[in-house]
Amino acid sequence: MICIIALIVFGILGIFSLSYRRIAIEAFDCVFRRLGLRKCQSRLDQRARSQITGKLMKVSKPAAKFTYKYFHVIEFIFIILLIWSIVQTGISGYNFYVYGNCNGPNEDGFCIFDPTGHNSEISPLNQLSCSTEEVDKELSLDQLNTSLFPVLNQGDDNIVFFIGCYECEYTRETYPVIKKLIEKENPTVIFAHLPINHDLESFTEYGNCIFEKEGSTKLMEFNDYMFSNQVDQCTVDTCSAALTHVNLDLAAYTECIGLNASVQLAQEQFNALTALGVYGTPTIFINGEPFVGPKPYRVYKRALK
């Protein structure tokens, strides 16, 4: 058993040192012979047993005696732990590739491949709702009327429902990834603006009015500007600059957002999103599968049909 551990450990160390490489070759020979039900000629296992016991003898004779007597049992335990750690590393690697974290869909526990937890970072909505209740991370679009929201791109049968906020750091980081997805894969993308504070609520109405009057192309141009590096902080002046940038009349849209219909639609959208259970931005559904936080491009692409 110890030969298997030695093969793995010294096989890695042997990349950097010739002396370790020799031990790795010896361990490989030992493992190969054991698989053929033959004795290990190098006696690596016995040497390891003697060396470990000898070092323990200097610290504790009872511990050394116990280790020497039950060495094969201890070997077996370490092999089980080694196999378990390899399996867990494989599962973590798979989850990181598929979901952007090590622990499964929308989990935010520690991930060795993303130690800062960046892929699970969100701008929390409690800045708006002032709620301190535990959030439910089980999200589903089954009860949501997506026709309430504007369409950024009318593409194929893949449906991307993108929930974000103009001022939110992680939404701004994710927007170029969604743009890349549109350019390369051409899914249908529905956009829902969900502000994290009251000062941004009117921006939802601006987006709705642009979509109603001009369609997807102008709304995409507006969003491009709002999510660009030119915008450090979202204010009324920022929105004015965005409208001017995409050649839209500020006065007409200022009038539009004052209409009861515009206010009512924005409120219906907000109520629908909060009823959905969205607890932070960005939240993205791809063909109904939710992704919370800024994920790598590969994660979104994998979820397409």
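Predicted model: local features only at pLDDT ≥ 70, side-chain atom pairs only at ≥ 80, totals over all residues.
The protein chain contains 13 helices and 7 strands. Of its 305 residues, 44% are buried. Among the contacts in the chain with a separation of 6 or more, 69% are between residues 24 or more positions apart.

Five strands form an open sheet in the order E2-E4-E3-E6-E7, and the pairing within this sheet is mixed. Its edges are strand E2 (151-153) and strand E7 (289-292), each of which pairs on one side only. On average, and ignoring direction, neighbouring strands of the sheet are turned by 25° against each other.

Strand E3 (residues 159-164) has E4 on one side and E6 on the other in the strand order. In E3, 5 of the 6 residues are buried, so the strand is largely enclosed by the rest of the structure. The pairing of E3 with strand E4 (residues 188-193) is parallel and extends over 6 bridges. Within this pair, Gly164 lies opposite His193 of E4. With strand E6 (residues 283-286), by contrast, E3 runs antiparallel, and the two are joined by 4 bridges. Here Phe161 stands opposite Phe285 in E6.

Val151 is placed opposite Ile190 in E4. Helix H9 (residues 216-226) packs on the sheet and touches both E2 and E4. The direction of H9 makes about 85° with that of E2.

A further packing arrangement involves two helices, H8 (residues 201-214) and H12 (residues 260-276). Their axes come within 9 Å and cross at roughly 110°. Because angles from 65 to 115 degrees count as roughly perpendicular, H8 is described as roughly perpendicular to H12. The crossing of these helices is right-handed. On the H8 side, the contact is made by Thr204, Glu205, Asn208 and Cys209. The residues of H12 that take part are Ser262, Val263, Leu265, Ala266 and Gln269.

How values were computed:
Residues numbered from 1 in each chain as written. Heavy atoms only, no water. Buried < 20%, exposed > 50% of the residue type's maximum accessible area, 1.4 Å probe, protein only. Pairing = 2+ DSSP bridges. Axes fitted to C-alpha atoms, helices over the stretch in contact; angles between N-to-C directions. Parallel < 35°, antiparallel > 145°, perpendicular 65-115°, else oblique. Left-handed = near helix turned anticlockwise from the far one by under 90°. Contact = heavy atoms within 4.5 Å.
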